[in-house]
Amino acid sequence: MKKVIAFAGSNSKTSINKALVTYAASLVSNATVEILDLNDFELPIYSPEIEKESGIPENAKQFLEGIRAADGILLSLAEHNGTYSAVFKNLFDWMSRIEAKTFLGTPMLLMATSPGARGGLSVLNAAQDRFPRHNASVVEVFSLPSFGNHFSEGKITDNSLHQELSGKIKTFENSL
């Protein structure tokens, strides 16, 4: 059976992006899904000096190994000031020191949500520009606007948004 990893680009314990990616994971039917939490992969802030003195941290190596072992990636990015959260960017920076083609061509469903009407579109645009340069195979992109209005009790409550995500999950599954 195919293996998918799912994670939010956030370390918030109440992350709305973790709620979204967990929900999306529940819709995947032809693979086993492992949900990862960035809090389990704590890393020092990247710097060339730290890398020279201490090498690559084990948590960066372990996270990259999770990507290597996966047939697919579900990723919901938190948007902080229009771009990635610091914790995700730091993980990305460390992993890119191990493997420049960080995403290894693995099919990805890229998502974001936010409390606002744009639903994290700025971070999605940044990722769609950057990730292919690191060998991401972004199969589908999904934005959930106005999280508080469209998500409750662990699921998307707006039927058209639910249908949209379900269709994107099917396309993602077919790419595995």
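Tyr 84, Phe 88, Phe 92, Phe 103 and Phe 131 are linked into a cluster by ring pairs. Rings of Phe, Tyr and Trp (its six-membered ring) pair if their centres lie within 6.5 Å. The count by this rule is 13 aromatic pairs.

The model is predicted, so local features need pLDDT of at least 70 and side-chain atom pairs pLDDT 80 or more, while totals for chains, interfaces and linings use all residues. Residues are numbered from 1 along each chain as its sequence is written, and side-chain values use heavy atoms, with hydrogens and water left out.

Take Phe 41 and Phe 63. Their ring centres are 4.9 Å apart and their planes stand at 85 degrees, so this pair is edge-to-face (over 60 degrees; under 30 is stacked, the rest tilted). Phe 41 sits in the loop between strand S2 (31-36) and helix H2 (48-54), and Phe 63 in helix H3 (residues 58-69), so the pair ties together parts 22 residues apart in sequence. Helices (H or I, at least four residues) and strands (E, at least two) are DSSP runs, numbered from the N terminus. Phe 41 is buried at 14% relative accessibility, and Phe 63 is buried at 0%. Buried means under 20% relative accessible area (1.4 Å probe, protein chains only).

Phe 147 is buried at 12% relative accessibility, and Phe 151 is buried at 10%.

Definitions and conventions
Buried < 20%, exposed > 50% of the residue type's maximum accessible area, 1.4 Å probe, protein only.
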